[in-house]
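Please have the sequence and the 3D view open as you read.

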Amino acid sequence: MSVPPSSPLHAATFSRRSLLAAALAGTALLAAGCTDSPGDAADAVTPAQVDQLAAAVAVQEQLVSAYDRALGADPALAGTVTVLADQARTQLERLRAAAPGAAASTTAGSSAALDPAGVRGWLRTQVSTAAAAHAAAAPDFTGGRAALLGSIAAGLRGQEAVLA
Amino acid sequence: MSAQDDGTPEGRDGTAMADDGSTTPGSATAAEDAALQEALAAAHTAIWGYGVVGAAVPLEARGPVVAAEQAHQDLREQLTTLLASRRVEPVDDEGGYALPFPVLSPVDAAALAVTLEEGAATAWTWVLDQATEHSTRELAVGALTGAELRAVGWRAQAGVTPVTTAFPGLPTT
């Protein structure tokens, strides 16, 4: 797998080794992140892992639903939360692409009304829970799926920090 | 330390090691070790870079700089120990690095810190991609998360929006 360097660091002039790291990372992850190459052992998944990926998709679906509920309960959060919700949706799309046989499902979220005063804290808890689930799952995979789950977990920890 | 009959030291999987300490291509962890070397190089770069960051921010604002530098020093130590345990010679620092842009203000410093953390995040996602050992992937998830959390803070100080990213360390497309 060889792809031209694509990292922003390539424009920088740090050590050649660092630039190489950035370039290589972009290369392999582009190829392995969300695809299912039959010939790549790192991309093979066991039946148990298929279930784990389905669970990760469900976790992310619940998070996307939580963002929708939060915005519905407290529209004043839109300035902060809209971009985070969009990122969560993008993550969900990538997770679905990485999960064999995964399809969009209708998440049966709670319909209980949220207290607008506590929405931000509630949402932060939902983000934290999802991040922890993805972080716990990532080491159980190899290759691009491990990288994808780990990256999403890290991204959600960043979101959690913003919601603090 | 075990050794083969010809005197060549063995890796932990019994694979022969090269004279320079690097794993042989056939080593079970050769790809993982190479990725760990890149993460170590990123840590070296970050430690050096935070020296520049610290010099460009007021004394009272250096707390996060010191904490970030310490985090990368801790990772450097972990990586060096891990690689040495596999009889892989850890990469050394470069001694000096060229800055990607002039760092003349606290905002410039924050932007440099973002670059450092994003570089580290890229290296750690590569480790995740390449690692064969479960424990290495656990280490990588933690390191990647730490890098992104620091990056969020630095993006805010640098005026970068959004301050979060959906896929830290992964290509944007």
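In chain B, helices α1(B) and α2(B) pass each other in a left-handed crossing. This is a predicted model, and its overall scores are ipTM 0.85 and pTM 0.82.

To find the pair in your viewer, look for α1 at residues 30–55 of chain B and α2 at residues 63–85 of chain B. Two packed helices are described by the angle between their axes and the distance between those axes. Here the axes come within 9 Å and cross at roughly 155°. An angle over 145° counts as roughly antiparallel, so α1(B) and α2(B) are roughly antiparallel to each other.

Which residues of α1(B) and α2(B) meet? From α1(B) come B:D33, B:L36, B:Q37, B:A39, B:L40, B:A43, B:H44, B:A46, B:I47, B:Y50, B:V53 and B:G54. Facing them in α2(B) are B:V65, B:A68, B:E69, B:H72, B:Q73, B:L75, B:R76, B:L79, B:T80, B:L82 and B:L83. By residue class, this contact between α1(B) and α2(B) holds 14 nonpolar, six polar and three charged residues.

Where pLDDT is low, the predicted coordinates should not be read in detail.

Now turn to chain A. Its secondary structure consists of five helices and zero strands, giving the pattern α-α-α-α-α along the sequence. Of its 164 residues, 47% are buried. Among the chain A contacts between residues at least 6 apart in sequence, 70% link residues at least 24 apart.

Within chain A, pick out helix α2 (residues 47–73) and helix α3 (residues 78–98), whose axes lie 9 Å apart at an angle of about 160°. With that angle, α2(A) and α3(A) are therefore roughly antiparallel. Their contact draws on residues of α2(A) including A:L53, A:A56, A:V57, A:Q60, A:L63, A:V64 and A:Y67. On the α3(A) side, the residues include A:V81, A:L84, A:A85, A:A88, A:R89, A:L92 and A:L95. The contact of α2(A) with α3(A) comprises 16 nonpolar, two polar and three charged residues. Finally, α2(A) passes α3(A) in a left-handed crossing.

Notes: Residues numbered from 1 in each chain as written. Chains lettered and ligands numbered in written order. Predicted model: local features only at pLDDT ≥ 70, side-chain atom pairs only at ≥ 80, totals over all residues. Axes fitted to C-alpha atoms, helices over the stretch in contact; angles between N-to-C directions. Helix = DSSP H or I, 4+ residues; strand = E, 2+ residues; numbered from the N terminus. Parallel < 35°, antiparallel > 145°, perpendicular 65-115°, else oblique. Left-handed = near helix turned anticlockwise from the far one by under 90°. Contact = placed C-beta atoms within 7 Å. Nonpolar A, V, L, I, M, F, W, Y, C, P; charged D, E, K, R; others polar. Buried ≥ 20, exposed ≤ 12 C-beta atoms within 10 Å, placed from the backbone.
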